[in-house]
Amino acid sequence: MRVIAATNANLRQAIREAAFREDLFYRLNVIELEVPALATAAKDIIALARISLQPGFTLAADAERALTRYPWPGKYVSLQNAIRRACLLSPEPTIG
């Protein structure tokens, strides 16, 4: 059996505070992937936004600038949802 788990908690700190079992941590922690906040990967925001576009949609230059200026407190899913929403609400295939 394989378990894939995700959390936004600092599990090492939770272990120190006795809020998470250390043995469970080591059983789950075979491969650890840390996904950085999107704001720390500003150079990737436009590429990720373009991947999220529905077929036939493009981003205008002003939209790309706005996307790179936004602090993106969440991860990729927050950007993906913003792009999906823009595609749904845009009256034109070029999102401004």
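**Ground rules.** I am working with a predicted model, where local features need pLDDT of at least 70, side-chain atom pairs count only at pLDDT 80 or more, and totals for chains, interfaces and linings use all residues. Residues are numbered from 1 along each chain as its sequence is written, and side-chain values use heavy atoms, with hydrogens and water left out.

I looked up the largest pocket and found about 1,100 Å³ of space in it. (A pocket is an open set of points on a 1 Å grid over the protein atoms alone where a 1.4 Å probe fits, with protein on both sides within 12 Å along at least five of seven lines; lining residues have an atom within 4 Å of a point. The volume is the space filled by probe spheres set on the points, which are joined across faces, edges and corners.) Of its 24 lining residues, Ala-5, Ala-6, Thr-7, Glu-32 and Leu-33 are the closest to the centre. I sorted the lining into 14 nonpolar, four polar and six charged residues. (Nonpolar covers Ala, Val, Leu, Ile, Met, Phe, Trp, Tyr, Cys and Pro; charged covers Asp, Glu, Lys and Arg; the others, Gly among them, are polar.) Helix H2 (22-28) gives the most to this lining, with three residues. (Helices are DSSP runs of H or I with at least four residues, strands are E runs of at least two, and both are numbered from the N terminus.)

**Core.** Next I checked the largest nonpolar core: of its 13 residues, Leu-59, Leu-67, Leu-79 and Ile-83 touch the most other members. (Such a core is a set of buried Ala, Val, Leu, Ile, Met, Phe, Trp, Tyr and Cys residues joined through side-chain atoms within 4.5 Å; buried means under 20% relative accessible area, exposed over 50%, partly exposed in between, with a 1.4 Å probe and protein chains only.) Helices H3 (45-52), H4 (61-69) and H5 (76-89) each give two or more residues to this core.

**Single residues.** Glu-64 lies in H4 and is buried, with a relative accessible area of 19%. Beyond its neighbours within four places in sequence, Glu-64 is in contact (heavy atoms within 4.5 Å) with Ile-46, Arg-50 and Leu-59. Leu-28, in H2, is partly exposed at 35%. Leaving aside neighbours within four places in sequence, I found Leu-28 in contact with Val-3 and Phe-20.
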